[in-house]
Structures are given as C-alpha cells and as structure tokens.
Amino acid sequence: MGIVVAMLGAIVAAAGAAPDAAAEWTRTVVVPPMNGAAPGIGPHGLTGIGFGPDGALYGGSVAGPGIYRFDLDAETVTEVVGAPAGEADDVALGPAGTPAEHWLAWTAILACEVRARRPDGEIVVLARDLPMINPIAFLPDGRLLAGQASVPGVQSDTLLEIDLNGGPPRTLARDLGGINAFAPGADGASIIIPRFDRGGVARVDLATGTVSPIADGLGVPAAVKRDSQGGLYAIDWPTGRITYVNPDSGETIRVATVPPPLDNIAIGPDDTLYVSRPPDNAIIAVNRDTGEHAVVFSSGLAAPGGVVLTTFRGRPALAVADIYGYRFVDPVSGAVTLLPFDTATNASSAIAVDERRIVLVNVRRNSLTIIDRDAAERSTVDAPARATATVTDLNAPMGVALSPAGEILVANYGTGDILRLMPGAANDRTIVARGLRGPVGLAFGADGALYVSEATSGAVSRVDRATGDVVAVAMGLSQPEALAALPDGRLAVIEAGAGRLSIVDPVLGSVETIATGLATNQVFTRAPAPVYLPGGVTAGDDGAIYVVCDRDNSLLKFTPRESTTTRTGG
C-alpha cells in the first residue's frame with residue numbers, strides 16, 4: 001500500500017494558499033462560550049468548586065488543564081492556572097491566618113498527583129502516585145487533606161494528610177464507604193464525608209480514623225458541605241437532589257432538585273448553595289429556604305470533539321461528541337439536548353450517525369461504542385440507551401465515518417492507519433490504509449471517495465479503499481484535523497494549528513481561508529499531543545458549515561453570502 005503525492009501544481013497552490021475568501025461568508029454563533037468567560041477559554045468538565053478568601057468561586061476542569069475563577073458579582077470567568085498543570089478534579093483554598101494562606105491546591109486525578117500554587121505563584125507537586133486522588137480540602141488550621149476514591153477490586157478509599165512541604169502523605173483512615181468531596185467538621189477534629197458507595201453521610205475522627213454514620217438513603221452522594229450554622233447539605237450525582245442533613249439527629253429534608261448530574265457543592269457567605277454540573281460546566285445557585293435555583297454560569301458543551309449534521313426526533317440537529325456525553329444541538333436556536341447517559345457509554349471525542357446507529361469513538365479510552373439510534377431517542381433517566389457493541393483495543397482513534405454500505409471506518413492516530421469494521425460484526429476488521437502521518441478526520445466526498453486529514457504531515461488525502469493508495473490532494477496545511485464534505489465537491493477542514501477554517505478543492509488542490517482566529521487546539525489530559533481531541537466540522541446541503549471550537553466550547557455556523565464556486569463536483 002503506497003503513498004502517492006499529488007501533482008506539483010496542487011502542492012504549490014496549497015502551500016501558497018488561495019486568496020482570502022472570508023468576506024464571502026457570514027459567521028453566526030449557534031452555541032456560545034461560557035457566559036462571562038475571557039475570550040478563548042472555558043472549563044472542560046467543571047467539577048470541584050470552592051470559595052476563596054476574595055469571595056470568588058474557584059473551579060477545576062477535570063477533562064482539560066485549567067483552573068478558573070468565577071466572579072459572582074462581575075459575572076466574569078478567568079483562568080488562574082493553565083496548561084499543563086491545571087487539570088483538577090477538586091480544588092481547595094488555604095484559610096486566612098494560617099500557614100496555608102494564599103495557597104491554592106488541587107487533585108490532578110488523571111495524573112495521580114496533588115498539586116498546588118504557592119503564595120509566590122510557583123506551582124509544585126505535593127504528592128505523586130496516588131491513583132484516583134479526588135476530593136481535597138483545607139482544615140481551619142491550614143492542614144491539607146485529600147482522599148483517594150475506591151476502585152472495586154483494586155483499592156479501598158483512603159483519607160490522607162498532605163504535607164505542604166512535599167513530604168510523604170500520612171494515611172488517616174481507610175475503607176470509608178466511598179469518600180468524595182468532604183467538609184471540615186465543626187469541632188476541628190473531624191471531617192464530614194459523603195459515602196458515594198453506601199449512599200450516606202458520615203463523620204470521620206481524624207485522630208482515630210473511626211467512621212460514624214450520620215444519615216443514609218441519600219442516593220449517590222457526590223459531595224457534602226457545611227453552612228454557617230453547622231447544617232449539612234448533600235448532593236445526589238444521578239438525580240440532582242439536594243438534601244439538608246441535621247448533623248446531630250441525622251434528619252434529612254429535601255431542599256431542591258436541579259437537572260443532574262451534580263458533582264460538587266460550595267456554600268457562600270450568605271448560605272446560598274452553589275452546585276457544579278460537569279456536562280455543561282454549569283454553576284447553579286440554589287436558595288436553601290425556597291429551593292429556587294438559577295444557572296449562574298454554563299456552556300452548552302463541556303469538552304466537545306466531532307460533529308455531524310443529522311436529525312433528532314424528526315428535526316434537523318447537530319450531533320456533537322463530548323467527553324461528558326454526546327448531545328444534540330438545534331442548528332437554529334442553539335438549544336442543547338443531553339440525553340440520559342452514563343459517562344462510560346456516551347463519553348466521546350468523535351461521532352458518526354446513520355439511520356440505525358450512533359457510533360462514538362473515545363480517543364482517551366481507545367474505544368468505539370455503537371448505540372441503537374431509536375433507543376437513544378427514546379431513552380429516559382430510568383432507562384438510558386446502552387451500547388449494542390463495543391471495541392476497546394483501538395489506538396488513539398481520532399476520526400470515524402460511516403460508508404454508504406454501512407461500514408465503520410476509524411482513523412487510528414496512534415498507528416497511522418484507517419481501520420474498517422464491518423456492520424453487525426464490529427470485530428471483523430480490515431486495514432484500509434497504512435503509513436498515514438497523524439490521521440484525524442474522515443469524510444466521504446461528493447465524488448464517493450474517502451478523504452482523510454493528516455495532522456502531522458499537513459495534508460488532506462484521498463484514499464483508494466481497494467488498493468490502500470493514499471494521494472495528497474492538498475498539502476502545507478497547519479495541523480488539519482476535522483474534515484467535512486461540501487455539496488459542491490470541496491472539503492471543509494479545520495486547521496487547528498492556526499485556528500483556521502479552510503476549504504480544499506480536491507481537484508485543483510487549492511485552499512481557501514474562510515475564517516481565522518478560531519478557538520481550536522485545546523490541550524486535554526490523557527489524549528495524544530498535539531491533536532488531543534479532533535475538533536469538529538460538518539456541512540449542510542445548503543453549503544453552511546458548522547464548526548466546533550474546543551478551547552471555548554462554542555459552536556459556530558458559516559453561511560456563504562453567495563455561491564463561492566460554480567463547480568458542482570469533482
């Protein structure tokens with residue numbers, strides 16, 4: 001299977017780039033970035049949140065390496081720790097008047113580290129080699145505690161004291177019942193923990209490690225925090241229930257129910273409750289007395305990747321892959337529908353859809369999942385759609401496409417090949433093409449040919465599926481990733497390395513720049529550099545192009561003002 005370079009004229013045209021065509025296109029925002037966010041940034045899976053001494057909320061981004069400051073008064077969002085250090089499941093801010101004053105600490109769960117920003121701004125690793133390190137909090141005296149979540153058959157959950165000088169962590173307690181985001185006890189000698197695995201709230205004595213249950217029947221409690229009067233509030237991850245717990249009697253009272261899933265809770269100086277919802281990076285304010293709630297910050301997408309134009313429940317829709325679950329977007333209103341899901345099934349970085357199936361690939365898990373489309377559209381909280389087939393031994397799958405015959409084609413970035421999986425037998429596989437340099441996007445053109453973007457070589461190439469020959473139709477692109485076929489025979493491509501949307505003519509080899517300054521090429525944890533997640537582009541029959549911007553979680557539409565070409569095919 002050879003690789004053939006296209007004619008010299010095509011190479012020269014691409015390298016020099018055709019005249020700028022941006023003026024011929026209108027840009028509109030379908031899904032905006034997070035409200036109040038500084039340009040080009042956004043959390044990716046907002047989880048842990050906590051108030052700082054400045055009165056602002058700070059939050060971690062578990063899928064992307066950023067920690068953010070949420071100013072509730074100014075309604076602005078800024079990044080305070082960026083790539084690569086900021087990957088955080090939970091955050092903690094040192095209390096004033098203690099040795100930890102002005103410290104910011106967090107748990108980098110995927111890196112298995114506890115990290116911190118010292119008062120002088122230096123970022124340090126306080127502890128390493130801690131699998132599933134998850135909740136973290138400072139005690140009122142400035143001591144720092146963190147917890148390792150339980151992994152069935154591997155490890156029990158553990159409470160640790162973290163040395164701010166970087167010494168070995170000290171184990172305080174084990175087998176707590178599923179420790180998650182916890183709160184210091186009122187007595188200074190204990191903490192209050194949610195028992196994620198046992199559905200309750202308990203007190204842990206820091207001197208002895210003794211666990212004393214306080215209340216049960218709380219579902220899957222992901223966090224518990226204490227208000228100014230000592231009352232406890234617990235949140236239920238799958239249902240969105242928020243429950244008051246009397247710390248003395250164990251009495252529970254339902255306070256509110258907000259759309260799930262919920263990950264963490266912080267309580268403001270006025271005892272307003274703030275909860276985080278990772279799938280749309282939302283912070284929701286809840287009145288503990290009335291149960292009324294309102295979204296303060298949010299973005300419709302959490303950590304988006306590929307996109308395809310399809311239908312949803314009989315209406316046009318954009319299906320968007322997302323590390324926190326694929327979702328459907330109304331291309332006119334921008335309304336986002338996140339179906340009931342479990343993150344293991346629906347977490348995705350690229351997506352393909354036909355009449356029967358939704359096919360997801362996950363570059364971080366090296367997996368492919370097939371979901372019955374009808375079941376997905378009928379799914380409910382009590383009956384989410386399940387995978388009908390799964391492949392778990394791919395190698396950094398970046399792109400996925402469905403052929404007219406129903407074949408599943410996957411671009412394996414790690415091995416530089418395109419894999420064909422046959423319908424009805426996902427493990428019946430054939431290598432279609434080898435020797436590609438960073439294959440990412442896949443698309444069938446109007447001419448029926450298969451095209452692939454090669455991020456490492458900077459090429460867009462045509463693949464002969466019978467012989468495996470690969471012919472470059474354009475070169476000199478800046479990290480081309482997502483790829484989509486236009487109805488006139490050309491190809492839309494995201495040049496993620498330059499933040500550009502371009503159009504490639506596979507016959508002439510020309511490249512037109514449609515848009516610049518796109519918020520692309522976000523760094524993501526546990527994903528291969530420099531592509532990380534593949535980005536997304538798709539096109540409609542009217543020639544409109546839709547682009548996912550992974551850095552700020554926005555989705556844009558580019559509409560031709562007039563026909564930009566008179567050619568109808570190739």
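I began with the strands, which are DSSP runs (E, at least two residues) numbered from the N terminus, and two of them pair if DSSP finds at least two bridges between them. This is a predicted model, in which local features need pLDDT of at least 70 and side-chain atom pairs count only at pLDDT 80 or more, while totals for chains, interfaces and linings use all residues. Residues are numbered from 1 along each chain as its sequence is written, and side-chain values use heavy atoms, with hydrogens and water left out.

**Sheet.** I looked up the open sheet and found four strands in the order β11-β12-β13-β14, with antiparallel pairing. Its edges are β11 (133-138) and β14 (170-174), each with a single partner strand, so one side of each has no neighbour in the sheet. Strand β13 (residues 158-162) is joined to β14 by four bridges, and I noted L160 opposite T171 in β14.

**Salt bridges.** I took a salt bridge as a side-chain nitrogen of Lys or Arg within 4 Å of a carboxyl oxygen of Asp or Glu, and by this rule the count is 23. One of them joins R198 and D175, whose closest N and O atoms are 3.3 Å apart. R198 lies in the loop between β16 (190-195) and β17 (200-205) and D175 in the loop between β14 and β15 (183-184), so the pair ties together parts 23 residues apart in sequence. I also noted a network of salt bridges linking D141, R143, E161 and R170.

**Confidence.** The protein chain averages a pLDDT (the predictor's confidence in each residue, from 0 to 100) of 92, and 94% of the residues score at least 70.
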